[in-house]
Amino acid sequence: MENEWKGKRILIAGQGVSGTGAFEALTHAGAVCAYFTDAQAAEAFAPHMTVVSPGIAEDKPVFAFAAEHNVPVIGELELGALFNTKPVVAVTGTNGKTTVTQLIGQMLQNAGRRAAVCGNVGVSFAQAAQSGDYDVAVVEVSSFQLLSVRTFRPHVAVITNISPDHLDRHRTMQNYCAAKRKIAQNQTEDDFLILSQDDIPLYALEHFMPRAQTLYTSVRGRLRGAYLLGDGIYYRSERICDIDRVRLEGEHNLKNVLSAVCAVKVLGVENAPIVQTLTTFTPDAHRLQLVARIRGKSYYNDSKGTNIAASIAAAQAMCGDTCMIVGGSDKGYAYDELFLRLPAAVTRVAAVGQTAQKVKEAGERCGFIAVQTFDDFQKAFVWAADGPEENVLLSPASASFDMFSSYAERGETFERLVRNAAEK
């Protein structure tokens with residue numbers, strides 16, 4: 001592989017995790033790399049190939065440059081596929097991707113297999129694949145990454161769920177679903193595809209004819225795959241674990257567990273490391289975490305709930321009356337579904353940021369009038385905290401880029417405000 005890349009001039013578009021990972025992987029393989037800044041500099045560099053990060057939309061200048069100069073363009077995920085020589089488990093979906101990816105990685109590690117947890121979590125797939133220091137690559141992949149797939153072929157592909165998201169870029173649900181389905185386009189009869197029977201609507205699978213062996217997950221009973229039945233978690237009639245031993249909370253996390261169990265069972269993992277993982281695993285920061293209980297009120301940080309389905313799941317996991325903080329930068333959808341599916345325990349909503357008015361108008365259309373708009377995050381927090389509810393839940397159903405650099409910064413701000421409230 002190193003001889004193939006040695007001396008090749010590769011243009012890298014994007015300097016986030018994907019871009020820097022591609023740069024480091026290619027440089028280590030002997031290529032000469034440069035980041036794309038403008039067409040003039042790129043022309044002087046005379047690249048043999050361009051690697052584009054998933055966050056860069058197709059209307060950006062790097063694509064025009066590549067087309068004008070007949071330079072091949074691949075995505076960072078595809079670059080990883082070119083480097084990779086080991087089995088791949090790939091996880092996509094609207095929600096739960098990170099949790100499922102990490103669960104699978106931990107189950108494999110507990111089973112004594114070296115797992116590279118990478119992609120949208122940890123290092124880039126290209127960087128991990130170039131090192132090759134693993135037995136199995138467990139890759140979280142987004143719809144943006146899948147748009148540029150050519151040869152990427154996971155041995156096990158998981159689609160956790162599909163609901164509206166990223167319509168500001170994909171424009172239509174048909175385009176978004178088509179991108180998700182590309183995770184399976186290169187699979188063969190020797191591979192496995194795992195689908196949620198509960199949370200993938202039929203329209204999302206229209207014209208979908210996967211060649212892989214297809215398994216399913218469900219919290220509603222027996223099927224060909226992993227499921228809940230009574231008080232147990234099962235895989236194809238085999239009882240894996242009691243439900244009450246799972247450390248993760250909420251039905252949405254039980255669905256994540258089923259996806260992970262199904263994936264590792266097809267890889268031959270025994271039950272003991274699976275149970276070990278389920279009884280000890282904790283999710284990443286900013287995903288439905290209890291921050292503090294102050295004077296009888298609980299504060300939950302779900303800043304990573306960046307779409308409607310995620311926020312509905314977080315709201316349904318609350319016990320007791322709840323005030324939600326919702327809103328942020330616009331991803332191109334209305335919020336009617338949020339209000340139509342909120343549990344009765346959510347009694348007030350603080351709408352904040354760029355989408356605050358859209359949230360309020362959706363609430364009014366759905367008969368939920370207890371919505372107050374704010375252009376300041378701290379004021380929204382104070383209003384939510386001053387109410388009579390037992391819980392304050394930050395679950396924005398929106399991206400964060402109107403007020404914050406990331407969902408992590410938004411969550412950290414929320415936690416700081418909670419700490420300040422505790423001190424007072």
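Student: I would like to learn how to read this structure. Does R220 count as buried or exposed?

Tutor: R220 counts as exposed, with a relative accessibility of 65%. The cut-off for exposed is over 50%, while buried means under 20%. Please keep in mind that this is a predicted model.

Student: Thanks! Which residue does the side chain of R220 meet in a salt bridge?

Tutor: Here is the general idea: side chains of opposite charge can pair when their charged atoms come close. In this structure, R220 forms a salt bridge with D198, at 3.7 Å from N to O. The two residues are 22 apart in the chain: R220 is in the loop between β10 (213–218) and β11 (225–229), and D198 is in the loop between β9 (192–196) and β10. D198 is buried, as its relative accessible area is 14%.

Student: How many salt bridges does the structure hold?

Tutor: There are 16 salt bridges. One of them pairs E58 with R169, at 3.5 Å from N to O. E58 sits in the loop between β3 (49–52) and α4 (61–68), and R169 belongs to helix α9 (residues 167–170), so this pair ties together parts that lie 111 residues apart in sequence. E58 counts as partly exposed, at 46% relative accessibility.

Student: What about K358 and D330?

Tutor: Their side chains also meet in a salt bridge, at 3.3 Å from N to O. K358 is in helix α15 (residues 356–365), and D330 is in the loop between β16 (322–326) and α14 (336–341), so parts 28 residues apart in sequence are tied together. K358 is partly exposed at 27% relative accessibility, and D330 is partly exposed too, at 31%.

Student: Which residues are linked in a network of salt bridges?

Tutor: R114, D133 and D135 make up such a network.

Student: Now for sheets. In what order do the nine strands of the open sheet come?

Tutor: In general, strands of a sheet pair through backbone hydrogen bonds, either parallel or antiparallel. Here the order is β6-β7-β5-β8-β9-β10-β11-β12-β13, with mixed pairing. At the edges are β6 (115–119) and β13 (238–242), each pairing on one side only. From one strand to the next, the twist averages 20°.

Student: How do β6 and β7 run, and how many bridges join them?

Tutor: They run parallel, and five bridges join β6 to β7 (residues 136–140). For an example you can find in the model, look at C118, whose bridge partner in β7 is V139. Helix α6 (residues 97–110) packs on the sheet and touches β5 (88–92), β6 and β7. The direction of α6 makes about 165° with that of β7.

Student: Where is Y203 found?

Tutor: Y203 is in the loop between β9 and β10. Its relative accessible area is 44%, so Y203 is partly exposed. Leaving aside residues up to four places away in sequence, Y203 touches M173 and C177. The C-alpha atoms of Y203 and T217 are 18 Å apart, and these residues are separated by 14 residues along the chain.

Student: One more feature: how many cavities of 30 Å³ or more are there?

Tutor: The count comes to one cavity of 30 Å³ or more. The largest cavity holds about 30 Å³ of space. Among the residues lining the largest cavity are G327, G328, V352, F377 and R410.

Note on methods
Residues numbered from 1 in each chain as written. Predicted model: local features only at pLDDT ≥ 70, side-chain atom pairs only at ≥ 80, totals over all residues. Heavy atoms only, no water. Salt bridge = Lys/Arg side-chain N within 4 Å of Asp/Glu carboxyl O. Helix = DSSP H or I, 4+ residues; strand = E, 2+ residues; numbered from the N terminus. Buried < 20%, exposed > 50% of the residue type's maximum accessible area, 1.4 Å probe, protein only. Pairing = 2+ DSSP bridges. Axes fitted to C-alpha atoms, helices over the stretch in contact; angles between N-to-C directions. Contact = heavy atoms within 4.5 Å. 1 Å grid on protein atoms, 1.4 Å probe; cavity = no way out; pocket = protein on both sides within 12 Å on 5 of 7 lines; lining within 4 Å. Points joined across faces, edges and corners; volume = space filled by probe spheres on them.
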